[in-house]
Amino acid sequence: MSELVKYQLETEVKLYVKNAEYAILNSKSPADVTEVLKGIHGFLSTPPLSSSTTKLDSDAHILSQNADAQAIFLKFHYARFGDFLLKRLSVDHLKEMSRDDVLLYIDGYFINGNATVAFQSLCQIVSDLGYGFNLNKCSSILEELLQRHRLYNIIVEECGLCLDPDVHHIDKTLGKHEQSAIWDELASKISSLPDVMVKKLKNQTSDIFIPKNYVSLVASDIYLALREARTCIQQSRDCSLEFLSRLFGKLCLSGYAAALWGHLARPLSEEVREDSAMSLVCETFIMGVSDRCIESVLTPLMTLLPWYGVVSHFLGDSVTKKQKVQYLLCTKLVFHRYYKDVLVLQNIIGYLGSSQIRQHLFIKLLYELVQVWGDKSSLRHMSREQHFYITQALIISIAFITEQQKEENRQELLHQLMQGVQSHIDSTDHKIRRLGMIVAENFTAHLDPDGPVLKFEYEKDEETALLEKLLKKPEDHGIEKLDSDLNILKLESEPLIKASGSEASGVQQGTSRVQPDLDLDSDDDLVPYDMSDDVKVTKVKQPKYIRDCMEGLIISDDPERVEVCLAVAETLIRSNPDGLQEISVEFTKILLHLSDSLSLPGFAAARLKAMVALCVLHPTQVADYLTNEFYDRNYNIRQRLDMLEVLASAAQELSQPVDPQKGSTDVAPKSKIQELKGHQDGSETWQQIVQKRIDSKTRRFAKGRTKPEPTPVPNRFAPVAGYFFYPLMKNFDRKENALDLLGEDVLLLGRLVYTLGMVMYAAINIPNVRHMGSALLEFIWVLRFHKDSGVRQALLFAVAMVFLAVPAHYLITDLQEEVGETKIWLEDIIDKDPNTHCKTSAMQSLVVLENSIKQELERGPEFT
């Protein structure tokens, strides 16, 4: 077609559209509007001429027979006329039109036309219109478009997946950047449509625009488009998935990633296992996602795919081709994130380690895991959850190391691993130490099976059981098999429950059958004899005097005598306090140096209770001895921990009030006898009858105390609190040959701070509590930036004890400066500390402080 003919045809189409718009605006009857719309409809289809066609209608028919005129209309006038149509039409124009005409000429204008242009036009009109009839009409047309899966047509057209070249309306004259801008705008409109409709229609929004329903519909159209792309590959036809990748990335970035993959992962997983063409389509589709959106696309996919082999089908070798994918899988999802579901790590590590092409990335990741896992600095500044996540990654990696990789990397890996194990053993957190033991055992066993065997003793729980399961490669159970197994479990659980119920009812009714194979001579139904009160028979006599007990603990090598003396030590101490003062320190020294060389049952508990009893009865002498000996060089860690345990337990017991009437037996039996005598005949005295009548006719506005006032008793801890508290803080920064609290002995330092906090809380009601609180806050301030998380947790515990023990009016007056600095420190911990337990403790301490100050300010006028 020459340029002149093309220009004349464009002019004719343009003139006709202008006349149609003018006719609609100036129409005097709805029938005229219908006739105009029939003419415009000719550009979308070629219906036969009716006998009653007007000149305008006939001209439209002649133009519509020309394919070039239809192309001109669709390219230059379709969107503008659709915009004019929806903005100018009103209820008056449509009320006289039949329903069929409305569906054919108005709704059909958008539904049967170019899907891409129609969708963009409708979205733009919805954004421009206010609430009213036209907006509702646009909403209904959009709903119809989505229900007819015209979104699938949009994807097919933009990706060039359609066989018919006339259906593909992409303007090939556009440049790459212009086409990219058009695709971005279209993808944004599709992903933001639910938000736009809810914003415009509010509670009148159709159910199809609810995100759950909308995502389900979009996912089905994307799935159909991916299958169409597979057909193109099988038929050796050219296609591009660039627009589909842009659209999917935009949808995932808008927050629909989990829902989209929830619909797509299962059907696509089944197809990529069986069809290499679909696997290639999925790899191309994911690789085409922009770097900005790739994280939101891949992260939920890793959490949903059931096996690392399926990940390989989805991603292929894209991790070696795209730098952003490599960073995401090899760094961010492993070191910067952590997930409770171990499937993410299994998918990533299995994907990297299961292919020769990707194994160099697996070895690189393994070295980084060992280095980060064992680094002392990262161990201090990493949350425990993140560290356990990295430990899981290390354990999973063991199963994917090949024999060749073991030979090439054994020495270097073992060298780095042993350094990391030492860092874990030195930690104050017993769970961190246990992780070091587990990794050391399993890594050395797999890397060097012929070498020395490492074996540790540690407590087993759910964490250890999980790590043991991760030593094996994940098995491919198959999606269909997994579904069938779940169905079988559901079906089998019901008859089992019914059977157990019927058996139970049969037993209750006495109709249970006797099994013929039952052994009648069995003793299983005999009731065991209660032997809980039996006393162990021993030839050793229990000591009746404290000095005999001390002698039995010092001299005797007879295990029975030592066991008997230790068992009665606490009872003798508490029942014979007279004359104990002179020997209390000596007895404490004997118990402190007593070792469990004979492995006696209950040794540690009996020894601790005896020392606590000595410290409670004679706190001045024993507490002074223990606090001074704590920093001496002739004790091991266990003995120092015992000293702190005794001081904390004794302080708590001394702070508890003792009932002065405890042990008195003069009043209670007498009152009981009187009670029995007064009620033995079941009759009431005349005084009781009169009193009841008076009480029933007397109106009282308030009653007195229903319980007697508590009898005040002296605080046993108040005179001796200083012996438990101040000496423990005087030499903490002194370094001795056997004690370095600011260096290696962080476990002991943490326990020391805990003990000071417990002593502080025990002093809650003594006059000197303000000075003790000030001293403890100063002590805490020196250690506030300690690198070990266990010590920081102990410091936060001690801070909370200060806020609980010191009266609030002292906190806001005498200790105002110290409390203000401590508050800033606590807020800094909440913002920056990597340990979640420290953050929680700091938050709790701030809550305690705010509640105390708030209560004090509320009752402030009482003190004015």
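**Figure 1. Helix α28 and the helices that cover its buried residues.** The cover over the buried residues of α28 includes α26 (546–554), α27 (559–575), α29 (603–617), α30 (619–629) and α31 (637–655). The model shown here and in the other views is predicted. Helix α28 spans residues 584–593, and its buried residues are S584, F587, T588, I590, L591 and L592. An α-helix has 3.6 residues a turn, so residues three or four places apart point the same way. Among the buried residues of α28 are S584, F587 and L591.

**Figure 2. The chain as a whole.** The chain has 864 residues, of which buried residues make up 44%. Its secondary structure comes to 40 helices and zero strands. Of the contacts in the chain with a separation of 6 or more, 76% are between residues 24 or more positions apart.

**Figure 3. The largest nonpolar core around W261.** The largest nonpolar core holds 141 residues, and W261 and F314 are the members that touch the most others. Helix α12 (residues 242–274) supplies the largest share of this core, 14 residues. With residues up to four places away in sequence left out, W261 touches F248, L268, F285, I286, V297, P300, L301, L304 and F314.

Figure 4. Two or more lining residues come from each of α20 (376–381), α21 (384–398) and α37 (789–805). Helix α20 gives the largest share of the lining, four residues. Sorted by class, the lining of the second largest pocket consists of five nonpolar, 10 polar and nine charged residues.

Figure 5. A search of the whole structure finds zero disulfides. C159 is in no disulfide, and the nearest cysteine sulfur, that of C239, lies 7.8 Å away. C159 is buried, because its relative accessibility is 3%. C252 is in no disulfide either, the nearest cysteine sulfur being that of C293 at 8.0 Å. With a relative accessibility of 4%, C252 also counts as buried.

**Figure 6. P474 in the loop between α24 and α25.** P474 belongs to the loop that joins α24 (462–469) and α25 (479–508). Its relative accessible area is 19%; buried means under 20%, so P474 counts as buried. Leaving aside neighbours within four places in sequence, P474 contacts W307, Y308, Q346 and F400. P474 and W307 are separated by 167 residues in sequence, whereas their C-alpha atoms are 7.1 Å apart in space.

**Figure 7. K406 in helix α22.** K406 is part of helix α22, which covers residues 403–425. A relative accessibility of 11% places K406 among the buried residues. Apart from neighbours within four places in sequence, K406 is in contact with I401, H446 and L447.

**Figure 8. D632 in the loop between α30 and α31.** D632 is found in the loop between α30 and α31. The relative accessible area of D632 is 26%, so this residue is partly exposed. D632 and A738 are 106 residues apart in sequence, and the distance between their C-alpha atoms is 8.7 Å.

Figure 9. H149 is a residue other than glycine, and its phi is positive, near 60°. H149 sits in the loop between α8 (133–147) and α9 (150–159). Its relative accessibility of 30% makes H149 partly exposed. K202, also not a glycine, has a positive phi near 55°. K202 lies in the loop between α10 (176–201) and α11 (211–234). The relative accessible area of K202 is 56%, so K202 counts as exposed.

Methods: Residues are numbered from 1 along each chain as its sequence is written. This is a predicted model: local features need pLDDT of at least 70, side-chain atom pairs count only at pLDDT 80 or more; totals for chains, interfaces and linings use all residues. Side-chain values use heavy atoms; hydrogens and water are left out. A disulfide is a pair of cysteine sulfur atoms within 2.5 Å. Buried means under 20% relative accessible area, exposed over 50%, partly exposed in between (1.4 Å probe, protein chains only). Ala, Val, Leu, Ile, Met, Phe, Trp, Tyr, Cys and Pro count as nonpolar, Asp, Glu, Lys and Arg as charged, and the others, Gly among them, as polar. A nonpolar core is a set of buried Ala, Val, Leu, Ile, Met, Phe, Trp, Tyr and Cys residues joined through side-chain atoms within 4.5 Å. Contact means heavy atoms within 4.5 Å.
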